[in-house]
Amino acid sequence: MMRHLSKLFFLTILCLSLTSSVHAESPTFTNDYNVEYFLTENQSKVAAHVSFTITITNLRNDVFVDKMSLAFPKTFSISNMDAKDDRGTVTPEMGGDELRTTMTLKFNDPKIGKDLSNTFHIAFDQENLFKAHGNIWEVMLPTIEDKTRTNYKITVHLPKTTTKKIAIAKPRPDAVENGSIIWNNPTSRTIYAVFGDEQYYKLNLQYHLKNPKSSQGYTDIALPPDTMYQKIYINSLQPPPSKVYTDDDGNYLARYLIKGNEQVNVIFDGNISVFTRPRTEVQAYQRNQFEVQKRYLLTASKYWEVDNPEVIKATQNPEEVYRYVTSTLRYNYKRLTDLKNIQRMGARDALANPDQAVCIEFTDTFVGLAREKGIYAREIEGYGFSQDPQLRPLSFVADVLHSWPEYYDERTDIWIPTDPTWEDTSGIDYFGSFDLNHITFAIHGKEPDYPLPAGMYKTASSKDVFVTAVDTKPTENINISIEPFRLPAQLSDKSTFKHTLKIVNNSNIYLWNTPITFQTENVKSSVSNMTIPVLAPYEMKEIPFELTPAKSNAKSNARLTVSIMGDEVYKGTMAVVPYYFQFGLKLAYGVLVGSLLFLLIKGFKKIKLK
């Protein structure tokens with residue numbers, strides 16, 4: 001009895017799945033897949049011509065496949081479909097539902113017999129598969145989950161005119177050659193790739209501050225900070241803060257004095273660059289800061305408490321913690337329907353209700369488990385640039401922000417970001433490598449809920465976070481000033497001049513490892529060469545110093561020159577006199593004053609006698 005099989009596989013943005021209508025103890029056929037994407041770029045848009053070659057080989061004489069179906073998500077913009085088999089043109093039968101479009105293909109006259117093969121050739125154009133936003137291209141390619149497959153090859157052919165190179169690939173490709181990227185037999189649910197190693201964003205953030213008290217107070221707000229993976233550029237910050245500073249976690253805080261019952265609206269306008277690789281200029285500072293942070297990074301504070309011994313025992317290292325979180329928690333899209341009333345559950349309750357998680361629960365659970373295992377971990381709150389809310393949802397409250405964890409790798413001495421939420425929703429590996437879509441607003445290592453990120457400073461319902469990908473690299477404007485001061489006109493060789501140099505960063509960027517040089521002549525400075533590890537925009541640093549003149553037998557001139565980053569910012573001169581010379585002058589002055597007083601008193605007595 002001859003049997004035929006109808007094959008169905010679903011092409012979705014998450015996976016391709018292959019199912020058969022007949023189940024047998026041994027395989028009845030095998031499949032070879034060759035999928036190619038030919039890219040073209042036109043006016044900042046990337047189009048793909050897609051080619052599927054699917055070869056089905058019979059393993060028995062009495063069983064063959066006569067048709068198969070493909071199901072595409074409704075979001076796929078497919079045109080110019082062409083299908084054929086070994087005998088000629090195939091006319092697809094179209095169907096589907098509200099989520100997907102189904103295309104059924106039937107072989108014209110399939111070959112029957114063991115080891116004989118039948119092949120479908122399918123080609124179409126697609127415009128929205130490769131996303132061109134800002135300075136990068138980004139793609140999420142579906143893969144085929146098929147236990148009967150033998151060979152499976154995916155190839156991406158870049159435009160010959162492009163200069164872009166692949167910067168992130170999950171999983172890593174097997175070959176990159178002659179403008180083509182090749183994956184052989186991928187096993188992940190999704191292939192994720194980014195072309196371009198730096199992304200640029202335009203940011204407009206609004207902070208609504210109000211002092212409900214009758215007396216003056218102050219509020220510190222969190223501005224986007226420089227981190228190992230991002231660099232900020234400030235175009236304007238209005239009104240200007242009274243003070244800015246960085247805390248132990250690395251947050252960039254601006255202080256505003258607010259009068260009683262007053263409301264202040266702060267507007268941050270700036271740009272940001274996000275990088276695929278750690279910034280070398282930041283590493284030394286962050287490693288030094290980690291020695292300070294270690295005092296509190298293992299604390300099981302609010303939201304990061306895990307009291308289940310079996311759960312704790314199940315994980316040993318950062319990857320095991322990550323895999324446990326992604327395999328245990330499930331993202332709950334329904335909780336997004338009422339953002340105003342969404343409540344942060346914390347790690348303990350998230351593990352007790354694993355199907356109720358949004359991004360903050362994935363993050364809290366990772367941090368809580370990691371700290372229980374002695375792994376230094378913290379939470380990052382910020383913005384996830386996402387063009388697909390189903391695959392990469394933004395699910396924190398207020399302006400629909402995003403949350404993800406970081407752990408400290410003591411082997412490499414560096415913070416490593418991960419995103420268990422987006423792996424759960426997209427199938428993309430966010431442990432082995434990150435992406436260019438995460439923007440940090442606030443870092444929570446010491447406390448789980450302070451400072452608040454941008455988008456959380458509200459006095460009414462409003463949208464306060466605006467992020468746009470752009471393709472132009474921001475411009476640096478470096479400007480450093482010092483508060484004016486003067487050297488004394490004269491100083492003895494046994495005196496010391498004490499002062500505090502106040503340095504202000506008027507630049508639009510952070511300054512890292514800023515060198516300062518005190519050059520002197522005929523005077524010794526307590527500070528000669530030093531480096532300020534970090535100086536945030538608008539931040540002031542105070543450097544106390546002392547000047548002690550060299551001993552001299554004659555009057556001389558002393559000079560002080562201060563340079564910052566090689567540029568001279570101050571130059572002053574003062575006279576240095578020997579101590580005995582100054583003492584003699586003081587003595588002569590005293591004698592003169594005494595003589596004048598004596599004469600005045602004597603003259604006053606004469607007038608009185610008369």
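A residue is called buried when its relative accessible area is under 20%. In this predicted model, that cut-off picks out Val 282, Gln 283, Tyr 285, Gln 286, Gln 289, Phe 290 and Gln 293 on helix α1. An α-helix has 3.6 residues a turn, so residues three or four places apart point the same way. The cover over the buried residues of α1 includes the strands β21 (243-246), β24 (377-384), β25 (402-409), β26 (414-417), β32 (511-521) and β34 (529-535). The length of α1 can be checked: at 1.5 Å a residue, its 14 residues should span 20 Å, and the end C-alpha atoms are 20 Å apart, which agrees.

Helix α1, residues 280-293, also gives the most to the lining of the largest cavity, with 4 residues. The model has 1 cavity of 30 Å³ or more, and the volume of the largest cavity is about 120 Å³. Its lining consists of 15 residues, and those nearest the centre are Asp 226, Asp 249, Gly 250, Tyr 285 and Gln 286. By class, the lining divides into 6 nonpolar, 5 polar and 4 charged residues.

In soluble globular proteins, nonpolar side chains tend to be buried together. Here the largest nonpolar core has 81 residues, and Tyr 201, Leu 203, Tyr 207, Ile 221, Ile 439 and Phe 441 touch the most other members. Helix α5 (residues 359-372) gives the most to this core, with 6 residues. Leaving aside residues up to four places away in sequence, Leu 203 touches Pro 224, Phe 268, Asp 269, Gly 270, Ile 272, Ile 439, Phe 441, Phe 466 and Val 467. A second, separate core has 40 residues, including Val 35, Val 139, Leu 141 and Ile 181.

Methods:
Residues are numbered from 1 along each chain as its sequence is written. This is a predicted model: local features need pLDDT of at least 70, side-chain atom pairs count only at pLDDT 80 or more; totals for chains, interfaces and linings use all residues. Side-chain values use heavy atoms; hydrogens and water are left out. On a 1 Å grid over the protein atoms alone, a cavity is a set of points where a 1.4 Å probe fits but cannot get out, and a pocket is an open set with protein on both sides within 12 Å along at least five of seven lines; lining residues have an atom within 4 Å of a point. Grid points are joined across faces, edges and corners, and a volume is the space filled by probe spheres set on the points. Helices (H or I, at least four residues) and strands (E, at least two) are DSSP runs, numbered from the N terminus. Ala, Val, Leu, Ile, Met, Phe, Trp, Tyr, Cys and Pro count as nonpolar, Asp, Glu, Lys and Arg as charged, and the others, Gly among them, as polar. A nonpolar core is a set of buried Ala, Val, Leu, Ile, Met, Phe, Trp, Tyr and Cys residues joined through side-chain atoms within 4.5 Å. Buried means under 20% relative accessible area, exposed over 50%, partly exposed in between (1.4 Å probe, protein chains only). Contact means heavy atoms within 4.5 Å. The expected span of a helix is 1.5 Å times one less than its number of residues.
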